[in-house]
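Morning, everyone. I have one structure to walk through today. Let me put it up.

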Amino acid sequence: MKDRLQEWVPRLVLAPSFLLVLLFVYGFILYTGYLSMTDSRMLPSYGFVGLENYQKLFALRHWNTALTNLAIFGILYILISSLLGLFLAILLDQKIRAEGLIRPIYLYPMALSFIVTGTAWKWFLDPGIGLENVMQQWGWENFEFNWIKDRDFAIYTVVLAAVWQSSGFVMAMFLAGLRGVDNEIIKAAQIDGASGFRIYRKIIIPMMRPVFLSAFVVLAHLAIKAYDLVIALTGGGPGRATELPATFMYSYTFTRNQMGIGASSAIIMLIMIFSIIVPYLYSELKSGEQK
Amino acid sequence: MKSVRGLKLTVSAAIMAAAATTATASDVEVLHWWTSGGEAAALNVLKEDLSGKGVGWQDMPVAGGGGEAAMTALRARVTAGNAPTAVQMLGFDIKDWANEGVLGNLNDVAAAEGWDDVVPAALQEFSKHDGNWIAAPVNVHSTNWVWINKSALDAAGGKAPETWEEMVSVMEAMKENGITPLAHGGQAWQDATLFDAVVLSMGNDFYKASMIDLDPEALGGEQMVEVFNRMATLRSMVDDNFSGRDWNLASAMVINGEAGMQMMGDWAKGEFLKAGLTAEEDFVCIRFPGTQGSVTFNSDQFVMFDIEEGGDAQQAMAASVMDPGFQSAFNVVKGSVPARTDVPNDDFGYCGKKGMADLAEAGSNGGLFGSMAHGHAAPAAVKNAVYDVVTAHFNGEFEAEEAAQELVNAVEAAM
């Protein structure tokens, strides 16, 4: 009797959330997939058009801009955040004084929402009121920093704000990884006469492969779903220069009355996420089996 | 156990019942985005008028600029089968909803009050669907205005420009005087508002062919190239820090003399009046050079949904909206002009009187067109496709010829 109870209680408790997730996540993914093959405009409609929306989508200049921007943003964001996070973590790992005070300072940007980050950086980068203006008032008359108003450089300001937001979080992940490295190994290397730099490069960093992978997965999905930061920082502008797939999806689905194309862009984003998550899960599960 | 579940069901059923009956038969539930001080005060006139007739008002304000948030809320309500009585709506949104077959019918009240004779035909295009009245127009905003700082104009020669060439020379004089000639905010809809006016200045026929009929030859033709050249000239009159600026901040630049003029719809007038400026003394309102006698408009309308109960209240509300007294009181506050042409203009200021006269003139000579920038010339998908090209050109991505060609492609892709 007791055994059966133990067997059933977890299932019963999990059942409602399982059903809700099944319906509201996977159910609606399927629904979106179906909508992407219909002629939906303002409201969902069910005239089947096959892959026409996908053809239209990839013919759109606007969508290509969004993909290019995602490539620039994603690569730089992941790369810089990881390197900066690793660098900060290594510095913090030098058994410095007041680490407990410094660590949260780097971590706190993560506690802000992207809307706050975006708004703050928008003001800071605005040539009329922000950094450029202050530097000019201080006497550097020729100082110029107007990337946010320049359609070729605006996407890099999005990278800047996002890196500021996330690198502290990546630092915390790496710090945990560094602390997890067995001290004995490091001592053995020191006895062998390896320099500090060599120890990090040859021993510690290679041992932290799983942390790199986790950081990559977290940052990559943040990059693909980035929406609020762009909306707050540049509003997709100047012109349409900083549109990302997420802002594209929202505007086509909800304000441009082209729900079919919006749904197909959502499916493309889903495929991008899957192509990152599935190999990750696969490698995780495989290493789990080995243990 | 069983009784607890039963109780829960009763409670939730009671909540649902309460939610369903919040709008009773003699109430109207109104979804709108007129939440700012002046607008809310203007709407209060309508509320009081209705309560005098024994009709209650269930307010459902969804704030947010051009009503995007309100339209999203509306979608959810209609999909759930619980439409509000009346919804503030603009342009092609009305047609889209009418095509969904969820709107009510106002033919009785329209016939009794003779709307057909007093509402301009270009507005009826939106207020009627298949010959049936579905909406009551509240106002007409016209978008081809230029607001000029009087002292800046005096310093630049003093004569309000009447042609494109005069306009350019005034702006150049302003530049020499050390101010920004054109106050502008780099947001897609503001770029498109300039574009509207420039297209209209090439003539009524060209506006109709390119923006209303979406004729590819007009969209990609020589005149359109000239339009984009003029847009580039306007771009050179804007300060460096324009992108992303809100329209009212651009108005403020004109008000405090930092900039010479702004091209914006007549909602900008409210900013000038609020700052204590007087028309003709402190600021000048003219039509965009070359468009006197023509008007591009957008019109807020209360669209009536097909609801089960409360049809009488709905009809009463429609009648109140179209009442000349309300039309005058509301539009004096809002800065727009009445949607019916027989309203006395006594309470309006100089620019308001000019707006009413221009509207009547444009309505009678075929120069009254829906504004592309404000969703009254083409469906949302096309409008946004035009935005994409106009804003990309304005930010230097295309040359004029390229932009005209791109406009043809973009419009075609959005159809």
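Chain A has 13 helices and 0 strands. Helices here are DSSP runs of H or I, at least four residues, strands are runs of E, at least two, and both are numbered from the N terminus. A word on conventions: this is a predicted model, where local features need pLDDT of at least 70, side-chain atom pairs count only at pLDDT 80 or more, and totals for chains, interfaces and linings use all residues. Residues are numbered from 1 along each chain as its sequence is written, chains are lettered from A and ligands numbered from 1 in the order in which they are written, and side-chain values use heavy atoms, leaving out hydrogens and water.

Overall dimensions next. The C-alpha atoms of chain A fill a box of roughly 80 × 75 × 30 Å along the principal axes. Of the 291 residues in chain A, 40% are buried, meaning under 20% relative accessible area, with exposed over 50% and partly exposed in between (1.4 Å probe, protein chains only).

Now one residue. A:A176 sits in helix α7 of chain A, residues 154–179. Buried or exposed, A:A176? Exposed, at a relative accessible area of 51%. A:Y31 is 145 residues away from A:A176 along the chain, and their C-alpha atoms are 40 Å apart.

On to chain B. Strand β1 (residues 27–32) and strand β2 (residues 56–61) of chain B run parallel, joined by 6 bridges. Pairing requires at least two DSSP bridges between the strands. In β2(B), B:G56 stands opposite B:D27. Between β1(B) and β2(B) the chain passes through helix α2 of chain B, residues 37–52, in a right-handed β-α-β crossover. Right-handed means that, with the strands pointing away from the viewer, the path from the first strand over the helix to the second runs clockwise.
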